Amino acid sequence: MTVKRKVSLSPERSKANMVQIGLGNNQTFIYNFEGSERWNSHMQWLLGSCSIWSAEEFLGVAVEPVEEHAREASEAASERLPRVMVMQAAIGQSENGKGTMYVLKVQDKLEGGGTDGLRVELEYLRNMSCLGKAHPDFAECQARIQWKHSVCVQMEPREVDVMSWESLVKKARFKGTEVLLIDAEGSDACILRSMLEYCSRCPEELPDLIQFESRGHCDRLEDQGVEKDVVDQLKEAGSMLVSPTWCK
């Protein structure tokens, strides 16, 4: 099932205040506007870089490939954020197509059951969905859960829509963004390359502020050095590295 929340946008493309790719079920700009227990101080710092703080006027795009996360975010946005579009899809470098997402199996979520420690572990895995193959850290988490809780967890493959950055721009109808936030569990570099390819033709649409995960997941899924390479490409495009957090 595909979740796509329709919003009323002007005929002319407008600059988005924030585009967030990879929501999970916490730390999204949507939940900060919601004011729930999922409010996050770092997310609020990123929102402070936006020119609009009003929920009624905030123009945002939220992209999440996992159906349940996308639906939850869409329901939260519908209450306070009339100009936020939530789309269920994965962003890749290629044009529109299908991909395989590896997601924690439903029966392994043990809703309402298990110890507090096990629930924390499973909640972590719920936010480790990965495109193309299981998350690089999954085998380690799986072994730890088996040893500590005698539970064998698995990731299951799901077919998801995959679109390029250009397709996202056309479908969501935005023209650049003040903040681009990516947390895609190893697909970050691929998404950035897709964005840079589009912006090489539309340089005025390069995001003002970009944050992505640089914990080595991209290197492990693709090849060593891809995270550094994409940072070099961003610099060449005109961006400035202000807060490197390389994972050793």
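The chat below walks through a predicted model of one protein chain.

User: How many helices and strands are there in the protein chain?

Analyst: The protein chain of this predicted model has nine helices and nine strands. Of its 248 residues, 51% count as buried, and among contacts between residues at least 6 apart in sequence, 77% join residues at least 24 apart.

User: Which residues touch the most other members in the largest nonpolar core?

Analyst: That core has 32 residues, and those touching the most other members are Val-19, Ile-21, Trp-165, Leu-168, Phe-174 and Met-195. The elements that contribute two or more residues to this core are the strands E1 (14-21), E2 (60-63), E3 (84-87) and E8 (174-182), together with the helices H6 (165-172), H7 (188-199) and H9 (226-237). The largest share, seven residues, is supplied by H7.

User: What is Ile-21 in contact with, leaving aside its neighbours within four places in sequence?

Analyst: With those neighbours set aside, Ile-21 is in contact with Val-63, Ile-91, Trp-165, Leu-168, Leu-180, Leu-181, Ile-182, Asp-183, Ala-184 and Ile-191. There is also a second, separate core of 21 residues, which includes Cys-50, Ala-76, Ala-77 and Val-84.

User: Back to E8. Why is it described as largely enclosed?

Analyst: Eight of the nine residues of E8 are buried, so the strand is largely enclosed by the rest of the structure.

User: And what does E8 pair with?

Analyst: E8 is joined to E1 by six bridges, and the two strands run parallel; within that pairing, Val-19 has Leu-180 of E8 as its bridge partner. E8 also pairs with strand E9 (residues 209-212), again in the parallel sense, over four bridges, and here Leu-180 has Ile-210 of E9 as its bridge partner.

User: Which handedness does the β-α-β unit of E8, H7 and E9 have?

Analyst: E8, H7 and E9 make a right-handed β-α-β unit.

User: Switching to cysteines, how many disulfides does the count come to?

Analyst: The count comes to zero disulfides. For Cys-199, the nearest cysteine sulfur is that of Cys-202, which lies 7.1 Å away, and Cys-199 is in no disulfide; the cut-off for a disulfide is a pair of cysteine sulfur atoms within 2.5 Å.

User: Is Cys-199 buried or exposed? What about Cys-190?

Analyst: Cys-199 has 5% relative accessibility and therefore counts as buried. Cys-190, at 18% relative accessibility, counts as buried as well, given that buried means under 20% relative accessible area.

User: What order do the strands of the open sheet come in?

Analyst: Four strands form that open sheet in the order E4-E7-E5-E6, with mixed pairing. Its edge strands are E4 (90-91) and E6, each of which pairs on one side only.

User: Which strands run parallel there, and which antiparallel?

Analyst: E4 and E7 run parallel and are joined by two bridges, with Ile-91 standing opposite Met-163 in E7. Strand E5 (residues 97-104) pairs with strand E7 (residues 155-163) in the antiparallel sense over eight bridges, and in that pairing Leu-104 stands opposite Met-155. E5 is also joined to strand E6 (residues 130-131) by two bridges, and those two strands run antiparallel; the bridge partner of Met-101 in E6 is Leu-131.

User: Now helix H4. Which of its residues are buried?

Analyst: In H4 (residues 116-126), Leu-118, Glu-121, Leu-122, Leu-125 and Arg-126 are buried. These residues lie on the same side of H4, because they cover an arc of only 145° around the axis. Asp-116 and Val-120, on the other side of H4, are exposed.

User: What covers the buried residues of H4?

Analyst: The covering elements include helix H3 (67-80), E5, helix H5 (138-149) and E7.

User: And Gly-117, where is it found?

Analyst: Gly-117 is found in H4, and at 35% relative accessibility it counts as partly exposed.

Technical notes: Residues are numbered from 1 along each chain as its sequence is written. This is a predicted model: local features need pLDDT of at least 70, side-chain atom pairs count only at pLDDT 80 or more; totals for chains, interfaces and linings use all residues. Side-chain values use heavy atoms; hydrogens and water are left out. A nonpolar core is a set of buried Ala, Val, Leu, Ile, Met, Phe, Trp, Tyr and Cys residues joined through side-chain atoms within 4.5 Å. Buried means under 20% relative accessible area, exposed over 50%, partly exposed in between (1.4 Å probe, protein chains only). Contact means heavy atoms within 4.5 Å. Two strands pair if DSSP finds at least two bridges between them. A crossover is right-handed if, with the strands pointing away from the viewer, the path from the first strand over the helix to the second runs clockwise. The arc is that of the directions from the helix axis to the C-beta atoms.
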